[in-house]
Amino acid sequence: MSTIVVGTAGHIDHGKTTLIKALTGIETDTTKEEKDRGMSINLGFAYLDLPNGEQVGIVDVPGHEKFIKNMVAGLPGIDIALLIIDAGEGIMPQTKEHIDILTLLGIQHFIIVLTKVGTIDEELRELVMEDIHSYIQGTILEHATIIETDAVEQIGLEVLKKTITKISSAIENKRNVNASPRLNIDRVFSVKGFGTVVTGTLIEGVCCVGDELIIYPSERRTRIRGIQIHEKAVKQAVAGQRTALNIANLSTHEVARGEVIAEAKQLAVTWMLDVKLTCLPSFSKGLQLWERVRVLIGTKEVMARVVPIGIEKLEAGDAGFLQLRLEEQVAVKAGDKFILRSYSPMRTIGGGVVLDANPSKHRRFHTEIIESLQVKEKGSLEDVLADFLKNKNEIFTPVSQMITYTSESQANIEKILAEWENTGRMFHYQKGWIYYEKYQIVRDKILDQLNAYHKKYRLRVGMPKEEIYTLWQQEMSLKELQFLLTKFVKEKKLKECNQLYANMTFNVKLNSYQEKEKARILMSLEKSRFTPIKVEELLANNPTATEVLESMADKEVVYLTHEYVLLQSMYQQAIEQVQVYIHKNGAMTLADFRDLTRSSRKSSMLILEALDKANITRRVENKRKLV
């Protein structure tokens, strides 16, 4: 089944809907208001049987200037545009605006359809043709075929069908069928006995009956109960096809046009977009900082404020980087096209492409930001992927996020990752990957973090990883931090002692007064033997003694609890005696340890509980056994 979609464009009352009905037999004006007023208000949908046996989808858009947002909503996924021009009127204002919009959205294939030719004489026909040729000269439509038709008199319809067949047969389907499925919803309705149905052009991927999907940006869950392509039930839909999905668990009040249906975790919901915009020459005032605009993207219209990046103002006819600060959340991808219109009066400003679908707020003239946007605009897949991995907030990135960001296949992404890993540009831990430049940035920041810690605590051997983690818990997990710390130690960028981390050049140095305090503390602990001493008694409110004791932790001194300490040598003796005793007797009671060490019951309990916490022993009822 063909994946080609044909869309109409043109001024109001130039015969778009009448032409589609003559071609397909389908009336696309379906509401009472449209029929009463004799004009299209919303999108219309049909399908056309071609002479070669293929079927193409058709999207009929409204021509009135008030309904431009509806017109643009019908364009995502369009392969061929039929520019409809009334032979009795020629090119009109909405014809021109529609040509601008189609050009800005990157439509490549056009057929110019002259309608109502049976109502005019030859002289007027020649004038109109001359007007058309003059206007399209130098535009993307310059070489478009012009076909004269009359829906009422059945003139030119077969020629038009053959032309559509010829162009559609030559179009290569470049849509990414390997990506996650994504459909911009352009219509929502209910069918009795089936429930909620959403329609749209499947932008990428493949969706199947039974697939579990998410509605974005609301992030409601649903499941595909049925699929129709051109009114025929099918098991799956492929990128490029006009698709109707019968979805479960949601009413028509819970889904709206402008939302996107895709797999879980495949789209980021955002309040901002980084874009490259081309401003039309006809929009003479240009774009100022914080100007309010209408963003037409996918099938949605959303208000936004403009923040020019690297420039004070975007002038008419120029192209430049912008950050759009949105008034509603959207869910789009880098590479998506959009149209920008003024807030009031409504005029088309220009159009462009999304460079970053979930950016942070930028400083307007920051060189690194501008360079990053230039890479996203023109760089190769490797450049774009490297920029993404280097600048994202999270340290480790799963492959699924890279696929979503780049819209590339998993095979292409994994090929690049394998090459980078072989050359040391990439490391991975479990399911996450870290780019080498990001790795260096993290390493340098942790070294700075340790330097600050050493200045503040000059007598502490190092910084616990839990304290290091307090600055990184938003960017990575504790296990990921441990992976990096271990790697830094192997590379001799920092050193570790008993899970305390320090810079390679750092060593604890005591002055003569501090050495005296250390000697005093050691003497007290040696005298106490297997009797732990309370920290506050040992320090006696002496700040110097506090620093000295901290420097001795896990070397000469063991903290049994935060209140009690024991000499490291006595702690090791306790471990050895417990191990020997249990090997010989099978178990040890509190009284056994007390008698063995000639200490009090309280002291024995403190030591044994510390051994339990250290996984040397385990308590079984009133006895201890070795772990």
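Trainee: At what angle do helix α17 and helix α18 pack?
Mentor: Axes are lines fitted to C-alpha atoms, for helices over the stretch in contact, and angles run from 0 to 180 degrees between N-to-C directions. Helix α17 (residues 568-585) and helix α18 (residues 590-597) pack at about 125°, their axes being 11 Å apart. This is a predicted model, in which local features need pLDDT of at least 70, side-chain atom pairs count only at pLDDT 80 or more, and totals for chains, interfaces and linings use all residues. Residues are numbered from 1 along each chain as its sequence is written, and side-chain values use heavy atoms, with hydrogens and water left out.

Trainee: Why are α17 and α18 oblique to each other?
Mentor: Angles under 35 degrees count as roughly parallel, over 145 as roughly antiparallel, 65 to 115 as roughly perpendicular and the rest as oblique. The angle of about 125° therefore makes α17 and α18 oblique to each other.

Trainee: Which residues of α17 and α18 meet?
Mentor: Contact means heavy atoms within 4.5 Å. From α17, A574, Q577, V578 and Y581 meet D592, F593, L596 and T597 of α18. The residues of this contact divide into five nonpolar, two polar and one charged (Ala, Val, Leu, Ile, Met, Phe, Trp, Tyr, Cys and Pro count as nonpolar, Asp, Glu, Lys and Arg as charged, and the others, Gly among them, as polar).

Trainee: How many bridges join strand β17 and strand β20?
Mentor: Two strands pair if DSSP finds at least two bridges between them. Strand β17 (residues 270-279) and strand β20 (residues 319-330) pair in the antiparallel sense over eight bridges; D274 has Q323 in β20 as its bridge partner.

Technical notes: Helix = DSSP H or I, 4+ residues; strand = E, 2+ residues; numbered from the N terminus.
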